[in-house]
Each structure stands twice: as C-alpha cells, then as structure tokens.
Amino acid sequence: MINLRRYLCTFCLVCLLLIGCDDPGASDSSVRIDPELLAQMNRSMANEAVNALIEHGPEVAPQMIAMLDHPPADANATRVLQGLAKHPEVQRLLVEAITQAAQQPHRGSNTIYCCLLALGYSQNVEHADFIAKYMDRSSLAAMNALAMLGGEKASRHLVAAFDIVPTDKWWILAQKLHTVGDPTTVSALRHRLPQVALPPNEDFPRATINSFIRAIRKLDRTPHLDTHTSFSSGIRHVYPYDGPGTPKCYGVSPLRDYYVRLPEVDTQTDAGRQTIFQTFSDAMEGPGFTIDGDTLITFGRLMVAPFWPEGKPYPTGLLDWLETTPHQHILTHIENWQREPCVEPGPVYQSHAMPIPENGLIATTAEIKGETRLFLLILKKTTDDYQYRVGIRPLDPLRLLIPAGTTPPKIRFTELRTTKLIDAEANAINGALRLASAHTTPLFKDGERQYPGEAMLAANVFTDHWTLSVDGAAEFLIVSSENAWEDPTEAMRHLRAARQKSEPNDPQTTHRFASLTPGTTLVYAVRMPTGIPVAGALKFKELNRGTAPTHVHFMHKNLTTHVARQIFLTPSVNQ
C-alpha cells in the first residue's frame with residue numbers, strides 16, 4: 001500500500017512538472033525532463049539521476065525548486081540545486097524562492113531550508129546578508145550555509161546568531177565558527193563560554209563546552225596542550241638517597257622528568273637537606289616536584305591539595321567528572337587547603353611539603369606565563385621502599401572560564417547505560433557493576449573480592465526468586481517506582497520515603513524479589529564505605545534463565561551526587 005501511494009505521488013508530480021508547473025518559480029523556458037528520471041529520483045535517490053539532472057544545467061532549477069515541498073523527492077532535488085548553485089541564474093531563483101516561501105507562514109519551511117543549504121554551495125559571499133535574515137526561521141540551514149560561504153561577513157553573522165538561536169544550538173554555532181576559521185571570533189567565543197552551563201542541562205547539550213574549546217583552541221592558535229604523561233622507574237624516592245640510579249624530579253610545565261646529580265652533603269643536617277632540594281629546584285625549567293618518602297615536595301610556587309580528602313564527590317569516573325564540573329571548584333579547593341596544617345613551607349624558597357594521600361591523587365595549581373593552570377598528580381607507590389609510578393594530567397585552562405555557580409543543581413539524571421549483571425555464582429567476567437564508576441567488572445578475581453573499598457551491585461538468580469545485593473555497602477535502599485524513570489524528582493521522593501522507614505542499626509545490603517517483568521523500574525541509593533552516596537534508576541529489559549550463566553539485563557542511569565546526599569540526610573526511623 002505504501003509503495004502504491006509513493007508511485008501515485010511520483011506519477012502526479014511528474015505530470016505536474018511536465019505540463020509546466022504552476023509554481024511561480026517555474027519559467028516558460030523550462031526543459032522537459034524524462035519522467036523515468038524523476039521517478040528514479042523518488043524511488044532510489046540514485047546518484048546517476050542527480051548527475052544527469054545537473055548536466056541539464058540551470059534550466060532544471062525551477063522544477064527542482066518546485067519539488068522541495070514534495071518528499072521524498074526534495075532530498076535529491078536539493079542535491080541537484082547544490083550542484084548548480086554556482087550559476088548566477090540559479091542563485092537568483094534560490095533567493096526568489098526563499099523570499100516567496102517566507103511570505104507563507106504556514107507553508108514553505110522546507111523550501112526555505114533546502115534553498116538556504118543550496119545557496120551555501122554558491123561560494124558567493126554576497127549572499128551572506130540575505131542568508132542571515134533567516135537565522136530565526138531556519139537556523140540550522142542558515143548556520144550551515146554561512147559556514148560554507150565563509151569569510152568576514154559570514155563570521156560576523158554567526159557571532160550575532162548567539163543572540164538569536166536557542167542555547168541548545170550554541171554548540172553548532174561554535175562548530176561553524178571553527179569551520180570558517182576567522183581568528184577575530186575568538187573573543188566572542190571566550191565571552192560566551194562562561195555562559196554555558198555544564199551537563200546535565202537541557203539548555204546546553206553535552207557537546208557544547210567541547211565544541212567551544214575546540215573552536216577557541218584552533219582560532220586562538222593556542223599551542224597544543226600537553227596530555228597525560230606517566231613516569232615509571234625503579235628508583236627510590238627517599239633521602240638520604242642511596243640508589244639505585246640517579247634521583248629524579250618532575251616538571252609540570254614543560255611536562256617532563258629530570259635526572260639530577262646531587263652534591264655530596266650531610267643529609268642529616270638542615271643545611272644539607274636544603275642544598276639537596278635547592279639542587280632539584282635549580283634543575284627544573286618551571287614549576288615541579290619531587291618525592292621524599294611519603295611526602296611531596298613542590299617547587300616554583302606549585303600549590304597542592306589532596307583530591308579529595310573526604311572521598312570523591314562524583315558518582316562516576318574521575319575523567320567523566322572532570323568534564324562535567326566547573327574547574328573553579330578545584331581551584332577554590334586548592335586555595336582553601338593552603339590554610340590546612342598539613343601543607344607546610346618547604347625546605348627551599350617557593351616550595352611546599354605535604355603528605356601524599358592514600359589514594360595518591362593530588363590537585364595542583366601553578367602560574368605559567370601569567371595564566372593559572374591546573375594539574376592532577378597521580379602518585380602510586382609500587383613498593384614498600386618508596387618506588388612510585390608518577391602520572392601528571394594537565395587540566396584544560398579554558399575550563400576555568402566556566403563559572404562554579406551558586407545555586408544547587410537541579411534534580412536530574414546524568415546518563416543512560418545498558419548493563420548486564422551475570423549471576424554472581426558464575427564468577428563471570430564483567431558480571432557485577434561498580435557503582436562508583438558505572439562500569440561492569442568481575443565480582444571476584446583469584447578468589448578475592450575485586451575493589452574491596454567500593455560498593456558493587458551483584459545479582460543472584462534462583463528458580464523462584466532473584467536478589468540484588470551491594471557487596472560492601474554501608475546502606476542500600478531500593479524501591480519500585482513506575483514514574484521515576486522519566487522523573488528524577490519522583491525517584492528522590494520514593495527514596496527519601498524508603499530512607500525514613502529504614503533501620504539505621506541494621507541496614508539491608510541484599511533485597512529479594514519474587515518476580516521481574518520487562519519495563520519494571522527500580523530506584524536505588526547506596527551509601528558506600530567511603531561515605532560517598534550513589535543513587536540512580538534501573539529499568540529491566542529481561543531476566544534470562546535459559547542460558548548459562550543466567551543474567552539480568554537492564555538500563556541504568558545515575559542521579560547526581562548532590563541529590564544522593566540529600567536522600568541520606570533524610571532521618572531514618574528511630575533517628
């Protein structure tokens with residue numbers, strides 16, 4: 001039935017075009033086009049048909065314009081017009097068609113869209129002002145057309161479009177300015193970047209910030225940023241130093257390591273130790289650090305702070321969090337930490353000393369060429385005699401432009417993932433879910449529980465019931481909620497009610513379910529051993545008992561850590 005309808009539409013359209021077409025854009029000199037050629041365009045969108053029509057020349061343009069409001073022929077008609085767009089007569093017809101379509105408020109939107117795209121292929125920058133007039137009516141086509149034209153006029157209109165198009169399309173504007181490549185637009189992009197809200201936010205898609213940063217970096221001709229670098233060696237970082245090899249220190253800018261030959265001094269005296277660390281400081285080209293046992297020694301006004309001393313403030317992975325949090329938070333954290341007693345003046349001028357935290361994560365800030373730069377140090381002790389694997393991750397300085405904000409975040413879900421929990425008895429690879437990072441992993445490895453410091457969601461499937469448990473949880477709440485999958489506020493309401501009914505002195509970490517049907521939504525909240533809460537929603541797709549090992553398949557998304565904290569602030573029974 002559908003194919004018959006398409007055939008009839010094609011037949012009628014071909015007849016309309018062959019009798020000359022009543023469309024105002026058609027001309028009396030229009031050539032007759034082979035009906036089979038037009039039918040072929042509608043059926044298969046064949047490249048041969050498009051190329052054949054382009055070979056007819058500008059004479060076919062009026063018929064192509066007439067087809068723009070008649071899907072599915074409009075797609076190939078647009079391709080033909082794009083191939084003919086460099087002809088001045090075709091450009092005149094496109095401008096005329098757009099102007100006429102704009103006078104019909106309830107019709108002609110597809111004609112405007114397709115003609116604007118075709119006009120972009122003209123490479124005639126004189127059309128930039130005309131195209132920009134339709135930014136509010138057909139913004140996507142206008143942005144693409146201006147980017148294809150390029151030049152100073154197109155850049156100016158794209159910058160002005162920030163005040164016209166909705167914020168959820170700003171990322172496209174940034175991409176198009178990146179394409180045009182006009183360095184004078186950098187200041188406009190830098191001005192708009194602080195107005196962008198971090199995800200999750202319905203006003204700014206996740207791609208917005210990265211699109212801005214890529215455009216600014218290209219147009220500003222900013223030197224390529226150093227990327228994460230790791231140094232691993234067998235030397236002992238402890239003084240007095242007795243080998244093996246030559247002691248070393250590490251610079252954050254330039255990002256490199258230095259082997260340093262130390263003077264022969266008495267390391268048991270303050271003067272001797274000062275001489276040693278002054279030698280390190282003199283060897284580096286910029287700010288950096290070395291390690292003395294379990295203590296970090298910094299040079300060149302490199303300020304440091306543990307990352308984070310009270311447990312991580314994010315429900316997913318560290319790198320995900322770094323992309324979705326204002327780096328101003330990190331800068332403020334470092335500045336506040338300088339008043340803590342554990343950060344002491346170092347042994348030489350412009351140096352500091354701080355114990356290395358247990359997780360080995362340290363945030364640092366340095367002034368480099370008049371610009372504040374942030375770095376993340378990852379120090380993992382590999383042996384008891386102070387051998388370390390040292391990682392340095394420079395954080396993007398442009399992210400410091402994004403404001404931290406003063407209002408609490410809205411209640412929103414963060415991301416959607418699909419996960420499969422395999423029966424815990426199977427000891428399967430990737431059979432459990434690490435709630436801290438939202439990644440699957442084996443529950444046990446070599447008979448030992450994986451990641452003992454974290455909470456891990458596991459399933460046990462039985463004949464007449466199944467269970468969900470969070471191994472290592474301090475508290476585990478889970479409740480069914482029909483509307484919570486689409487409404488995070490509803491999820492929070494159910495979890496706070498469950499928290500009020502819970503027994504604080506006897507928290508459950510395993511929940512049993514008699515049945516499970518596809519579409520069932522459960523919301524959960526977990527207080528992990530570190531005290532950091534995690535909350536989210538599970539929507540089940542299937543429970544498969546027919547294969548070995550049996551498994552539970554579901555979709556999964558998180559609530560923000562801010563929301564999870566609010567759940568566990570709710571008093572429980574007897575509290």
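**Close-up 1. Tyr 241 counts as buried because its relative accessibility is 19%.** Buried means under 20% relative accessible area, with a 1.4 Å probe and protein chains only. The model is predicted: local features need pLDDT of at least 70, side-chain atom pairs count only at pLDDT 80 or more, and totals for chains, interfaces and linings use all residues. Residues are numbered from 1 along each chain as its sequence is written, and side-chain values use heavy atoms, without hydrogens and water. Tyr 241 sits in the loop between strand E1 (229-232) and strand E2 (248-252). Strands are DSSP runs (E, at least two residues), helices likewise (H or I, at least four), numbered from the N terminus. Neighbours within four places in sequence aside, Tyr 241 contacts Ile 235, Arg 236, Thr 246 and Pro 247. Contact means heavy atoms within 4.5 Å. Thr 267 lies 26 residues away along the chain; its C-alpha atom is 8.8 Å from that of Tyr 241.

**Close-up 2. Helices H6 (residues 88-102) and H7 (residues 109-120) cross at roughly 155°.** Their axes come within 9 Å. Axes are lines fitted to C-alpha atoms over the stretch in contact, with angles from 0 to 180 degrees between N-to-C directions. H6 and H7 are therefore roughly antiparallel (over 145 degrees). Residues in H6, including Leu 94 and Ile 98, meet residues in H7, among them Cys 115 and Leu 119. The H6 contact with H7 has 11 nonpolar, 2 polar and no charged residues. Nonpolar covers Ala, Val, Leu, Ile, Met, Phe, Trp, Tyr, Cys and Pro; charged covers Asp, Glu, Lys and Arg; the others, Gly among them, are polar.

**Close-up 3. Helices H9 (residues 139-149) and H11 (residues 170-180) cross at roughly 15°.** H9 and H11 are therefore roughly parallel (under 35 degrees). Their contact has 7 nonpolar, 2 polar and 1 charged residues.

Note on methods:
Angles under 35 degrees count as roughly parallel, over 145 as roughly antiparallel, 65 to 115 as roughly perpendicular and the rest as oblique. Buried means under 20% relative accessible area, exposed over 50%, partly exposed in between (1.4 Å probe, protein chains only).
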